[in-house]
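User: Hello! I am new to this structure and would like to learn how to read it. Could you walk me through it step by step?

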Amino acid sequence: MKKLPLSFYRQTNVLEIAKMLIGKYLFTNVDGNLCGGMIAETEAYAGVTDRASHAYNGRRTERTKTMYLRGGVSYVYFTYGMHHLFNVVTAGKDVPHAVLIRGIIPTEGIEIQKIRRKMPSGEKQLTNGPAKVCQALGITLKHNGIPLTGNAIWISEEEKTRLPEDAIQLTTRVGVDYAGDDALLPYRFILKHPDYFPVRNRNKMT
DNA sequence: GAGTAGATCGGCT
DNA sequence: GCCGATCTACTCG
């Protein structure tokens, strides 16, 4: 396993990065507990022109300023009064592209993840959603804006592994109905794997 | 299996 | 004052 370098995150095509992140391994070391898993689902958020993005139309607030940092840091935000969501910031400074990590297949620290999720035996439901991933891995606002090359959150890859093109399903993003036509963009990447169970897209657009 | 209400609060208009 | 890049539990069938 080899930690991804900053150059990986600083590429300019956020869709390519979202696709390449599938099959890589996300790890956290929180409270001395090493946890992680294979990334199985991502969504790309393409900056100021993407109506689904928090940074649409150049919106820059206390919350979204993290997205404008140089690629290679985390963007964690709090929503629905109870959930955290974790994103990978990509591209260069002042280019607010990001990839939402929507799901993983746990491989490390599984017992800790079950305890954090209060799910002693819920294999299929443990980390198949962005808020579930954060809860299982212990990711909170304390991790907002920190480098992904450090020792709290990082992403690694196995050397000499490349997924075949047909191992990834491409579809529309979840929960972005407010984005108009941009809700129809195929920016969601899902690993086809017997141990991963993506949630249904509740997109209400006709 | 499908559909929906309720939780709960920070960010934004 | 409204609502969200969500999740769970509960209903109905």
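User: Let me start with one residue: why is K65 called partly exposed?

Analyst: Good place to begin. This is a predicted model, in which local features need pLDDT of at least 70 and side-chain atom pairs count only at pLDDT 80 or more, while totals for chains, interfaces and linings use all residues. Residues are numbered from 1 along each chain as its sequence is written, chains are lettered from A and ligands numbered from 1 in the order in which they are written, and side-chain values use heavy atoms, with hydrogens and water left out. Now the idea: buried means under 20% relative accessible area, exposed over 50%, and partly exposed in between (1.4 Å probe, protein chains only). K65 is partly exposed because its relative accessible area is 43%. K65 belongs to the loop between β3 (33-46) and β4, and its C-alpha is 9.2 Å from that of Y75, ten residues away in sequence.

User: Where is D50, and is it buried or exposed?

Analyst: D50 is also in the loop between β3 and β4, but it counts as buried because its relative accessibility is 2%. A polar atom of the D50 side chain lies 2.9 Å from the backbone nitrogen of A52. That is a polar contact: a pair of N or O atoms within 3.5 Å, where within protein one must be able to donate a hydrogen and the other to accept it, and residues adjacent in sequence count only if both atoms are side-chain atoms.

User: How many helices and strands does chain A have?

Analyst: Helices (H or I, at least four residues) and strands (E, at least two) are DSSP runs, numbered from the N terminus. Chain A has four helices and nine strands, in the order β-α-α-β-β-β-β-β-α-α-β-β-β along the sequence. Of its 206 residues, 49% count as buried.

User: Which residues come nearest to DNA strand C?

Analyst: A residue is near a strand if one of its heavy atoms lies within 4 Å of it. There are 23 residues around DNA strand C, and H54, Y77, H83, N87 and Y178 come nearest. Sugar and phosphate make up 51% of the atoms of DNA strand C that come within 4 Å of the protein. Some side chains reach the bases: an N or O atom of Y77 is 3.2 Å from a base nitrogen, and a polar atom of N87 lies 2.5 Å from a base nitrogen.

User: Which residue lies over the face of Y68?

Analyst: A charge sits over a ring if NZ of Lys or CZ of Arg is within 6 Å of the ring centre and within 35 degrees of the ring normal. R60 lies over the face of Y68, 4.0 Å from the ring centre. Likewise, the charged end of R173 sits over the ring of Y45, 4.8 Å from its centre.
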